[in-house]
Amino acid sequence: MKRIHKLRTMHYAPITILVLGSWFLGFGLCGCQSHQFYVNSRIMMGTIIEVTSVHKEAAGVVFGELERLENLLSKYKPESEVSQLNKKAKLKVSPETFFIVKKAKEFSTLSSGAFDITVGPLVDLWGFTDKNFTVPADEKIKNILKLIGSDKILLHNNESVIKFKFPGMKIDLGAIAKGYAVDCAVKKLKEKGINSCLINAGGQVYCLGEKFGRPWRVAIKGVLNSDFSGFVELTDKSVATSGDYEQFFIQDNKRYAHIINPKTGYPADSGVISVTVIAPDGLTADALSTAIFVLGKERGEKLAEKFKGVEVKIYAQDNL
Ligand code: ADP
Ligand code: MG
């Protein structure tokens, strides 16, 4: 019998809260001082985006930039460059779309194909795009594997043209776009002279500057249940987590998560439950956490060593 559980349905409305609080400065040496900051959230890019800053205008800057990038990069927006490229298999794109696809190709090479944005047709086949989850026939998966591989994305540098080698190919930037978008938002904030802000884009976090002279504290979500398993303290760093509890369905007692192994066409099954990556930028944290989830603990740790200023925390089944 086919039993499917759907998870992660969200029914949040955009909210704006002014948070008032007291913090000790310098571990109490200077006494107690009252501060206020703003927490704004909005649903975008298929998740909840939360912006925390003492600057009232920070959230508007972040939301504006994320909206612009969602319109460019989302496969769910029919007019986006990514949707148009997926439809036409050849497109002259903006420098930003070109940049992110080029970066994605680099991550694919570095991770020996574990990270691959050409997984689009597989993500569709398994029902992760329209949330109509299904376990496809093995033969169907095998057929689609012919369309997978970042070497089949051809980049014409001079004209900013992206071309697919085969019709039917589709790119899905779900594992890299949020990280890139957060980096762009941080750049915009800095341009406006805002140098203290916490952005949380559904678990893709960037800590800009400090919070009242101390690093931002970020909770890392637990792996077995919804409790968080600890804190990290960060300044000018991004942190991202990829986990098999993020988006998945269960059929006949087997769990299928939304990160696909591009080599097999099946959801990644490396024994990793959750990967947290701390990196100097959001794009690296985002792409790397997905790649490590596919590669598994040992190969994942080796991959992380290739990156400067990166720390990883991997929970594998044998850790527990
Ligand atoms: P989340 O979006 O939940 O933070 P990830 O950053 O790990 O999680 O991205 C997962 C998404 O990336 C999937 O929903 C899918 O759209 C896409 N994807 C799935 N498998 C891969 C893969 N091997 N390489 C690149 N992108 C992938
Ligand atoms: Mg990712």
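A backbone N or O atom of Asp116 lies 2.9 Å from a nitrogen atom of ligand 1, a polar contact being a pair of N or O atoms within 3.5 Å. This is a predicted model, in which local features need pLDDT of at least 70 and side-chain atom pairs count only at pLDDT 80 or more, while totals for chains, interfaces and linings use all residues. Residues are numbered from 1 along each chain as its sequence is written, chains are lettered from A and ligands numbered from 1 in the order in which they are written, and side-chain values use heavy atoms, with hydrogens and water left out.

| Residue | Residue atom | Ligand 1 atom and distance |
|---|---|---|
| Asp116 | backbone N or O | nitrogen, 2.9 Å |
| Asp172 | polar side-chain atom | oxygen, 2.8 Å |
| Asp286 | polar side-chain atom | oxygen, 3.0 Å |

Taken alone, ligand 1 exposes 570 Å², of which the protein buries 93%; these areas come from the Shrake-Rupley method with a 1.4 Å probe. There are 16 residues around ligand 1, and Asp116, Asp172, Ser242, Ile260 and Thr290 come nearest. A residue belongs to this shell if one of its heavy atoms lies within 4 Å of the ligand. By class, the shell has 8 nonpolar, 4 polar and 4 charged residues. Helix H7 (residues 282-295) supplies the largest share, 3 residues; helices are DSSP runs (H or I) of at least four residues and strands (E) of at least two.

Distant parts of the chain are linked here: Ala175 lies in the loop between strand S6 (161-164) and helix H6 (177-191), whereas Asp286 lies in helix H7, 111 residues apart. Asp286 is buried, with a relative accessible area of 7%, where buried means under 20%.

Strand S5 (residues 153-156) and S6 pair in the antiparallel sense over 4 bridges; strands pair if DSSP finds at least two bridges between them. Leu154 stands opposite Lys163 in S6. Between S5 and S6 there are 4 residues, and Ser160 in the turn has a positive phi of about 55°. Strands S12 (residues 248-251) and S13 (residues 254-257) likewise pair in the antiparallel sense over 4 bridges. The bridge partner of Phe249 is Tyr256 in S13. This hairpin has 2 residues between its strands, and Asp252 in the turn has a positive phi of about 45°.

Note on methods. Polar contact = N/O pair within 3.5 Å; in protein donor to acceptor, adjacent residues only side chain to side chain. Nonpolar A, V, L, I, M, F, W, Y, C, P; charged D, E, K, R; others polar. Buried < 20%, exposed > 50% of the residue type's maximum accessible area, 1.4 Å probe, protein only.
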